[in-house]
Amino acid sequence: MRKTIVRCGSCESALALPPVPGAGTLGCPVCRTASRVWVYPALFRETAGDRGQRLLDESQASCMNHPDKQATVVCDGCGKFLCGLCDVDWNGEHLCAPCVQRRAKGGAAGRGRNAYIHYDSLALGVVLLSIITMPFFGLGGFIAPVTFYVAWRYWREPWRPVPHRRWAMVLAVLLAGLIFVTWAAFIVYAVAELL
């Protein structure tokens, strides 16, 4: 096991780590405060191993956390590329640190994420559907707010591991705004003609 010092959150005294990986509660020998800790399995690995190889050329995949290191595995939980430093062996699976935390919590959230919803494509698809159906059903005024909701609700959601297309979300919002204004102007014009 590597030499690691964990300090108490109250009095900064050194705490003795548990001998096995996992979550646990440590009692401070000085102030008796209980501290919850998580000991990663990597703490018990020998330090003489691979520390992450540098990229030799741009044709190699790089680690999501260390762009200058060569990716050696793909996270089984979320699909991110990981170098030898970021790879955590979790019961035979290769996981990144956030996925290890999700697995440690257990339950539905602990299973990890192996599929991503492309919210940018969803928003753009909804607004294009409203453009296509506007001449036939006049649904643009009803579908455009759905696009606004998708963009507002999922703007900060985790994106897929590959680079996302924020421009698609912005384009969807701009088109939805244009459709909504056009639809509202048409309604105002129709009401003005009736009066």
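1. Two residues are in contact when they have heavy atoms within 4.5 Å of each other. Among contacts in the chain between residues at least 6 apart in sequence, 37% join residues at least 24 apart.

2. This is a predicted model: local features need pLDDT of at least 70, side-chain atom pairs count only at pLDDT 80 or more, and totals for chains, interfaces and linings use all residues. Residues are numbered from 1 along each chain as its sequence is written, and side-chain values use heavy atoms, with hydrogens and water left out.

3. Start with the overall layout. The chain has four helices and eight strands. Both are DSSP runs, numbered from the N terminus: helices are H or I with at least four residues, strands are E with at least two. Along the sequence the pattern reads β-β-β-β-β-β-β-β-α-α-α-α.

4. Now the surface. The chain has 195 residues, and 30% of them count as buried. Buried means under 20% relative accessible area, exposed over 50%, and partly exposed in between (1.4 Å probe, protein chains only). The chain exposes about 12,600 Å². Carbon and sulfur atoms supply 62% of that area. Accessible areas come from the Shrake-Rupley method with a 1.4 Å probe; for residues, only the protein chains shown count as cover.

5. Look at Thr-147. It sits in helix α3, residues 140-154. Its relative accessibility is 1%, so Thr-147 counts as buried. Leaving aside neighbours within four places in sequence, Thr-147 is in contact with Ala-123, Val-126, Val-127, Ala-172, Val-173 and Ala-176.

6. Helix α4 covers residues 166-194 and has 29 residues. The expected span is 1.5 Å times one less than the number of residues. That gives 42 Å for α4, and its end C-alpha atoms are 42 Å apart, which agrees. The buried residues of α4 are Ala-168, Met-169, Ala-172, Ala-176, Gly-177 and Ile-179.

7. Val-191 also lies in helix α4. At 44% relative accessibility, Val-191 counts as partly exposed. Together with Phe-186, Ile-187 and Leu-195, Val-191 forms a nonpolar patch on the surface, with about 450 Å² of accessible area in total. Like charges are joined within 9 Å, and nonpolar side chains (Val, Leu, Ile, Met, Phe, Trp, Tyr) within 5 Å.

8. Finally, the cysteines. How many disulfides does the rule give? The count is zero, where a disulfide is a pair of cysteine sulfur atoms within 2.5 Å. For Cys-31, the nearest cysteine sulfur is that of Cys-28, 3.6 Å away. The sulfur of Cys-78 is 3.7 Å from the closest one, in Cys-75, too far for a bond.

Terms used
Patches are made of residues with over 30% relative accessible area and no salt bridge: like charges are joined within 9 Å, nonpolar side chains (Val, Leu, Ile, Met, Phe, Trp, Tyr) within 5 Å. A salt bridge is a side-chain nitrogen of Lys or Arg within 4 Å of a carboxyl oxygen of Asp or Glu.
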